[in-house]
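Dear colleague,

Please find the structure below, with the sequence alongside it. My notes on what was found follow directly after it.

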Amino acid sequence: MDEFTADAFVNREEPIPAIAVSGSETQSSDSKGKRERVKESLAGGNSKLKDKLQDAGSGSNKYGYSLQDRLFSKLLQQVIPAEEIEELDLAPDVRSSKYINRPSFSLPLMTNNFRRFNARIGVIFVFQNRVERLLTWRTPSHTLSFLAVCTFVCLDPYLLSVLPLAAVLLFVMVPAYLARHPPPPSSKNYGTYAMNGPPLAPARTIKPAGEMSKDFFRNMRDLQNSMDDFSTVHDLILKIITPPTNFSNEPLSSTIFLFLFVSSCLLFITSHLLPWRFLALIVCWTATALGHPSVQQLLLSNHEEHLAPHERTAQSWLDAWISHDIILDAPPETREVEVFELQRRKGGPNGEWESWMFSPTPYDPLSPQRISGDRPKGTRFFEDVEPPKGWEWGDKKWVLDLASQDWVEERMVQGVEVEIEGERWVGDLAEKEGTYEMKTLKKGKAREWEEGSGHSKMGDWRRRRWVRMVRRKVVSENSTPGNS
């Protein structure tokens, strides 16, 4: 195994630490245009994933598939269903993002990409390691220089435009020049060293780490620790932020919401009055000073003695303020729901009425369901009517709506006869009489008929409205959304 890969960015110093919380192959160049590549990717079959797996199963050596990769790909090919791909009429302009080749999941392709990624990720770990050494005061002169730069930038923010250029000069151009013009060995025979003259060494190029080198496994080690760090920090942040902000404790979340709202309003008005440069300078120096080992040891040793009592006092004050000023005992929201009792005449115009269904709609003559010939939707029995999702019954029984003429007018129902006394049925007009023109009903009076008693002119359907109160269902602390 090679000791290291020359000209590769790899963290050869101490490994990336794993945070603990208490409590290479190069991708082949494609000389074809994007339009031809998309055509070829779509011409092979109806599923991009299936195409990749078939290539793996056929023993293609493009990515150096092993027998195990091919067998696993065959298994995935049988398990994962094929996805239909529409044939695209490609336009001459293929700069649109939809023509970019986006391969579907493939285990061999993923393995190959991971090897390539791991061989090139060393520069990130080198940068991370140097930032950690800078902020933890490993070399005090470097940290003080960093604070000096931060001070200039905080006091004069326009210097931010200089930082990228200065970084390129100091960390890219100067090391590249020194690589081509290396200094002589430290010896008294050389005398004064002149920087001019022809280059003495070839230009430095960045190469990926070799797959069998120690640098490759150093990158894997740091990548492993970085994944653990991300997972740990992610879970810690969720553990700290989620309970106060997801309204599981409504008084606490309401207090935080109130403070954030008031702070936003105050900053919206007074943000131009704050000394932002001085505040940025204080934050920069404080954050950097907290990384010093002596400061950390001092904070840890004095936390229980000086900070913990103040934390408990602040927590007790906050709890007392929440209990006195945050009131969340308002009654749940209530609403009125309705259901229509439908009856159908059986045995002709003089037949008896038969209970048919309890429906959420009145099924009037000009309703879409009636015109299309669909049957009414609902339940046959009153006891089977359920409240809307997320609601519960607010009283014990249904109440007949005695103002039947009001809901007819509100819905602009046409072609019906309204019964203002008795059982408050609203019946259809007979088809031979029913021109279904809209006529305004006068409140307190029944519809008048030109001939007959009106009973013989009734249609085959009639309905009446029942109402009942519902209230919002209160979700308990231990219930889950699926059980609410």
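Strand β6 (residues 426–429) and strand β7 (residues 458–472) pair in the antiparallel sense, over 3 bridges. Strands are DSSP runs of E with at least two residues, helices are runs of H or I with at least four, and both are numbered from the N terminus. Two strands pair if DSSP finds at least two bridges between them. Within this pairing, Leu429 has Met458 of β7 as its bridge partner.

This is a predicted model, in which local features need pLDDT of at least 70 and side-chain atom pairs count only at pLDDT 80 or more, while totals for chains, interfaces and linings use all residues. Residues are numbered from 1 along each chain as its sequence is written, and side-chain values use heavy atoms, with hydrogens and water left out.

β6 is also joined to strand β5 (residues 416–418), again by 3 bridges and antiparallel. Here Val418 is partnered by Val426 of β6.

On β7, a further partner is strand β1 (residues 334–346), which runs antiparallel to β7 and is joined to it by 11 bridges. One of the bridge pairs is Gln343 with Arg462 of β7. β1 is joined as well to strand β2 (residues 352–359), by 7 bridges and antiparallel; the bridge partner of Arg345 in β2 is Trp353. These two strands, β1 and β2, form a hairpin with 5 residues between them, and Gly347 in the turn has a positive phi of about 95°.

Turning to the helices, α4 (residues 107–120) and α8 (residues 214–245) pack at an angle of about 95°, with their axes 8 Å apart. The axes are lines fitted to C-alpha atoms over the stretch in contact, and angles run from 0 to 180 degrees between N-to-C directions. α4 is therefore roughly perpendicular to α8 (65 to 115 degrees). The contact (heavy atoms within 4.5 Å) involves Phe114, Arg115, Phe117, Asn118 and Ala119 of α4, and Phe216, Asn219, Met220 and Leu223 of α8.

Lastly, how many disulfides does the structure hold? There are 0, a disulfide being a pair of cysteine sulfur atoms within 2.5 Å. The sulfur of Cys150 has its closest cysteine sulfur in Cys284, at 3.3 Å, which is too far for a bond. Cys150 counts as buried because its relative accessibility is 13% (buried means under 20% relative accessible area, with a 1.4 Å probe and protein chains only). Cys284 likewise counts as buried, at 14%.

Yours sincerely

Conventions. Parallel < 35°, antiparallel > 145°, perpendicular 65-115°, else oblique. Buried < 20%, exposed > 50% of the residue type's maximum accessible area, 1.4 Å probe, protein only.
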